[in-house]
Amino acid sequence: MANYIVGDIQGCFDELTLLLEQVQFSAQRDTLWFAGDLVARGPKSLQTLRFARSLGDSARIVLGNHDLHLLAVALGVRKNKEKDQTTAILEASDRDELLNWLRQQPLLLEHDEFVLCHAGISPQWDLVTARQCAREVEAVLQSEHMPWLIENMYCNTPDLWSPTLTGLDRYRYTINSFTRMRFCFLDGRLDMDCKLPPNEVNEALLVPWFKLPQRVALEKPVLFGHWAALQGYFSQEVIGLDTGCVWNGSLTMIRWEDKQVFSQKALAN
């Protein structure tokens, strides 16, 4: 049995299929971990959702910002972004089943040897705090209060963690950390705007969340997606798996047991 962790698919279902064929993935034997953003800019978001759901216990999925945005569009809170290709989901006969399944997915997953989230873990959190904050938001998403949270999550503040945060402020910080974060200011505040590669940013102003000097050390490495401009990042402490398949890059997956990395170039659409 192997554990495969794949970066942002964003509806690039054909590339995912080829990647799984490359490693001879078997749902009866292996587990496929998704780093969030199953849907959005690629041509087959509906097929991606259906496939992930069909895997049952052989799939482990964390929510990404595009997944949450799909829920917002479905609720009428936001309009479909021009470049998103999620209309097929909203018009599908199994729309309600797929969206209800999607909102049951967590923000944070743990393996004995690693943790998985979409964008990262707040540099001011230890794993106990990360787990607690994730479970709090997940409970709301899975409850009757989900529409309220989805409608009110779109905000860049608060941008600095405090254990005294409560209610909507705490939920927003949690969602932004797990699904939108890339850079931090040197005092630990989250920056929600910059999407550049780190080598194009003044380190005296912004640093990647995982390189903040005062970042709390975690017991396990963090695997994440979200940041296509990194074009993959591999260290003992963090592994970034988004290599921008939807932007004509590639889809990247790691087999945890031997740390072998597999890649599938984007297909011409």
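Biologist: Which residues form the one aromatic cluster?
Modeller: That cluster is made of F183, W209, F210, F224, W227 and Y233. Keep in mind that this is a predicted model.

Biologist: Noted. How many aromatic pairs does the structure hold?
Modeller: The count comes to 16 aromatic pairs.

Biologist: What about charges over rings? Where does the charged end of R78 sit?
Modeller: Over the ring of Y154, with 3.9 Å to the ring centre. There is also K259, which lies over the face of W256 at 4.0 Å from the centre of that ring.

Biologist: Which helices each supply at least two residues of the lining?
Modeller: Helices α3, residues 65–75, and α8, residues 167–179, both do that. The one that gives the most is α3, with 4 residues.

Biologist: And what is the lining like by class?
Modeller: It splits into 12 nonpolar, 8 polar and 8 charged residues.

Biologist: Back to H226, then. Where does H226 lie?
Modeller: In the loop between β9 (222–224) and β10 (233–234). Its backbone is worth a look: phi of H226 is near 75 degrees, a positive value in a residue other than glycine.

Biologist: Is H226 buried or exposed?
Modeller: H226 is buried, because its relative accessible area is 6% and the cut-off for buried is under 20%.

Biologist: Which other residue has a positive phi, near 140 degrees?
Modeller: A40, which isn't a glycine either. You'll find A40 in the loop between β2 and α2, the helix at 45–54. Its relative accessibility is 1%, so A40 counts as buried.

Biologist: While we're on the backbone, which peptide bond is cis?
Modeller: The one from T157 to P158, with omega near 0 degrees. P158 lies in the loop between α7 (146–152) and α8.

Biologist: OK, new topic: D30. Is D30 buried or exposed?
Modeller: Buried, since the relative accessible area of D30 is 3%. D30 lies in the loop between α1 (13–23) and β2 (31–34).

Biologist: What does the side chain of D30 reach?
Modeller: The backbone nitrogen of A2, at 3.0 Å.

Biologist: Now sequence versus space. How far apart are E97 and R53?
Modeller: They are 44 residues apart in sequence and 9.8 Å apart in space, C-alpha to C-alpha. E97 belongs to helix α5, which covers residues 95–103.

Biologist: How does E97 count in terms of accessibility?
Modeller: As partly exposed, because its relative accessibility is 40%.

Biologist: How does V77 count, then?
Modeller: V77 is partly exposed, since its relative accessibility is 23%.

Note on methods
Residues are numbered from 1 along each chain as its sequence is written. This is a predicted model: local features need pLDDT of at least 70, side-chain atom pairs count only at pLDDT 80 or more; totals for chains, interfaces and linings use all residues. Side-chain values use heavy atoms; hydrogens and water are left out. Ala, Val, Leu, Ile, Met, Phe, Trp, Tyr, Cys and Pro count as nonpolar, Asp, Glu, Lys and Arg as charged, and the others, Gly among them, as polar. Rings of Phe, Tyr and Trp (its six-membered ring) pair if their centres lie within 6.5 Å; planes under 30 degrees apart count as stacked, over 60 as edge-to-face and the rest as tilted. A charge sits over a ring if NZ of Lys or CZ of Arg is within 6 Å of the ring centre and within 35 degrees of the ring normal. Buried means under 20% relative accessible area, exposed over 50%, partly exposed in between (1.4 Å probe, protein chains only). A polar contact is a pair of N or O atoms within 3.5 Å; within protein, one must be able to donate a hydrogen and the other to accept it, and residues adjacent in sequence count only if both atoms are side-chain atoms.
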